[in-house]
Amino acid sequence: MAEYVLGIDYGSDSVRALLVDAQTGTEVATSVELYPRWQQGKYSQPNKSQFRQHPLDYIESLIVAVNQLWNVAPAGAAEQVKAISFDTTGSTPIALNEHGQALSLTPEFADNPNAMFILWKDHSAIKEAQEITAMANLSKVNYLKYQGGIYSSEWFWAKVLYVLRHDEAVRAAAYVWVEHCDWMSALLTGTTHPNDFRASRCAAGHKVMWHESWQGYPPNTFFVDIDPLLDGLRDRLSAQTFTADQVCGHLTSEWAEKLGLSTDVIVSFSAFDCHAGAVAANVKPGVLTKVMGTSTCDITLASYQAIEDKCIKGICGQVDGSVMPGMIGLEAGQSAFGDLYAWFKNLINWPLNQINFVDLLDEPTRKALIDKIETQTLIALGEEAAKIDLYDTHVIALDWVNGRRTPDANQSVAMAISGLTMGTQAPQIFNALVQATAFGAKAIIERFVEQGIVINHVVTIGGISKKSDYIMQTCADVWNCSIDVLESEQSCALGAAIYAATAAGIYPDVAAAQSVMNSPVAKSYQPDAEKVATYQELYKKYLRLGQFVEGELS
């Protein structure tokens, strides 16, 4: 009899459910469900860098996605599911009241964005992040030394403080704040009450300043010195954390019924999407796993012996067990990758959605035409950009359209493009944007190497890595290393499924589960030796442009 596990991947726009045969690693069925309120543009204000998601989007989409599986999976598959595990974006926190209920699930806060999940890409809290960094630098113990030394507006404490400062009603009602990934495990096991709630090692270590050496989180006095509004919150967080291969509990009867499963199904603790994706990619020391989507997240591993007492500067944290138990998980990433390409597509297609075509075309024809043009835009740009002679490249761009995550977090920096002339056309600019994203990734790789972390190979997952030979070959040439692209279309969900199989006891540890369930390689890219030197010169121009822009904005 088959032993199935479920991996659930919460991305920025949708939830993906993946049913895997744990004994063979076969991906049996998958389904994707978009968040309905998010698709309508509710609760977000991009011009203010405010991105919020309603918990009902997560709940309703999960129920639909999982039940869709049973329409395509083998008969009786639901009865053979042993465990379920989640991965989500992060840092994506939300406030709970003293009863453990998400504030936006109560009538009073149902439409208040500050009571909803604050999505990873929300950059409202730049000021708060700077204050946290400044306080850490003044403290006798630098509590950011295991998080790269710089706190980001994308992370937990900055977002919490921003809301506490700007919304008196939420401040009065909020008892504790939790990460999305942890909330999912708690929700399905009935452990959302603050007395029962437990946190994942992944989220706590990388975004919430947890570290074993200070018995959980920095002392309450550290947070009070930043702002008295944070007084006591640290003490309401669970000081003990759990890796994603450990059991959180079993499905409640309510959730078993909603998902068509039984209460025997184990729910593991959760992780962030990129960490789970790295597990599916068989991550190991010396290999960087890059999740390439709207943004990127870069994950690698180091042994205790390799790390020793090193504190890697400018990254998103080094956490014992955040990816695999018994290893230090290292995280970095870019705040925009696919988002940069999407920005340019929307920019040049702006007239299509603004000019009134009603007199020229009927509405269905107009919509179909616009959809076709928008779908083909990036494909056409990539085809033309790939033809550009590298030695005639004069346009240089930065990838900081959504700030900079790493190296050295700074969400206040801005993108720039230089070298434009009357002869510059859209393909030349797009080519510069692709190079910029590759250069931004190269800066991360160089930082790891400078700090003594070996990186000699890259494995990529995510939509972009599967869609564009041009982008991937550019990356191989810029990074001057081989790149493997994974076969799985749902690598993050597959990584969650590997955690689930371990928690269920189907395998003794994550490594054993990986050996059977990880994704095969679909395609590989090798650097073109003739282009590497030229790209190195262009990379120097990218760095100089970045130094100029950051200096002008500081």
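**Aromatic contacts, loops and backbone geometry in a predicted model**

The structure holds 24 aromatic pairs. Rings of Phe, Tyr and Trp (its six-membered ring) count as a pair if their centres lie within 6.5 Å; planes under 30 degrees apart are stacked, those over 60 are edge-to-face, and the rest are tilted. Tyr-151 and Trp-155 are edge-to-face, because their ring centres are 5.1 Å apart and their planes stand at 90 degrees. Tyr-151 is buried, at 2% relative accessibility. Trp-155 is buried too, with a relative accessible area of 1%. Here buried means under 20% relative accessible area, exposed means over 50%, and partly exposed lies in between (1.4 Å probe, protein chains only).

The model is predicted: local features need pLDDT of at least 70, side-chain atom pairs count only at pLDDT 80 or more, and totals for chains, interfaces and linings use all residues. Residues are numbered from 1 along each chain as its sequence is written, and side-chain values use heavy atoms, with hydrogens and water left out.

Tyr-341 and Phe-430 form an aromatic pair that is edge-to-face, 5.6 Å centre to centre, with 65 degrees between the planes. This pair links distant parts of the chain. Tyr-341 sits in helix H12 (residues 338-348) and Phe-430 in helix H15 (residues 426-450), 89 residues apart. Helices (H or I, at least four residues) and strands (E, at least two) are DSSP runs, numbered from the N terminus. Tyr-341 is buried at a relative accessible area of 3%. Phe-430 is buried at 2%. One aromatic cluster is formed by Tyr-143, Tyr-146, Phe-156, Trp-157, Trp-214, Phe-222 and Phe-223.

Arginine side chains also meet aromatic faces. Arg-198 lies over the face of Phe-242, 5.8 Å from the ring centre. Arg-404 lies over the face of Trp-400, at 4.8 Å from the ring centre. A charge sits over a ring if NZ of Lys or CZ of Arg is within 6 Å of the ring centre and within 35 degrees of the ring normal.

On the surface, Trp-343, Leu-347, Ile-348 and Val-401 form a nonpolar patch. Together they have about 310 Å² of accessible area. Accessible areas come from the Shrake-Rupley method with a 1.4 Å probe; for residues, only the protein chains shown count as cover. Like charges are joined within 9 Å, and nonpolar side chains (Val, Leu, Ile, Met, Phe, Trp, Tyr) within 5 Å. Val-401 counts as partly exposed, at 32% relative accessibility. Val-401 is found in the loop between strand S18 (396-397) and strand S19 (417-418).

The loop between S18 and S19 also holds Pro-407. A cis peptide bond joins Thr-406 and Pro-407, with omega about -5 degrees. Asp-408 is placed in the loop between S18 and S19 as well. Asp-408 has a positive phi of about 70 degrees, although it is not a glycine. At 25% relative accessibility, Asp-408 is partly exposed.

Another cis peptide bond joins Gly-90 and Ser-91, with omega about 5 degrees. Ser-91 lies in the loop between strand S5 (81-88) and strand S6 (93-96). Asn-480, a residue other than glycine, has a positive phi near 55 degrees. Asn-480 is located in the loop between helix H17 (469-479) and strand S21 (483-486). Its relative accessibility is 46%, so Asn-480 counts as partly exposed.

Helix H18 (residues 491-503) has 13 residues. At 1.5 Å a residue, H18 should span 18 Å, and its end C-alpha atoms are 18 Å apart, which agrees. The expected span is 1.5 Å times one less than the number of residues. H18 is mostly covered, with 13 of its 13 residues buried. Just after H18, Gly-505 takes a positive phi of about 80 degrees.

Tyr-507 is found in the loop between H18 and helix H19 (510-517). Tyr-507 is buried, with a relative accessible area of 12%. Tyr-507 and Thr-252 are 255 residues apart in sequence and 24 Å apart in space, C-alpha to C-alpha. Pro-520 lies in the loop between H19 and strand S22 (521-525). Pro-520 is exposed, at a relative accessible area of 52%. Pro-520 and Leu-486 are 34 residues apart in sequence and 5.9 Å apart in space, C-alpha to C-alpha.

Terms used. Patches are made of residues with over 30% relative accessible area and no salt bridge: like charges are joined within 9 Å, nonpolar side chains (Val, Leu, Ile, Met, Phe, Trp, Tyr) within 5 Å. A salt bridge is a side-chain nitrogen of Lys or Arg within 4 Å of a carboxyl oxygen of Asp or Glu.
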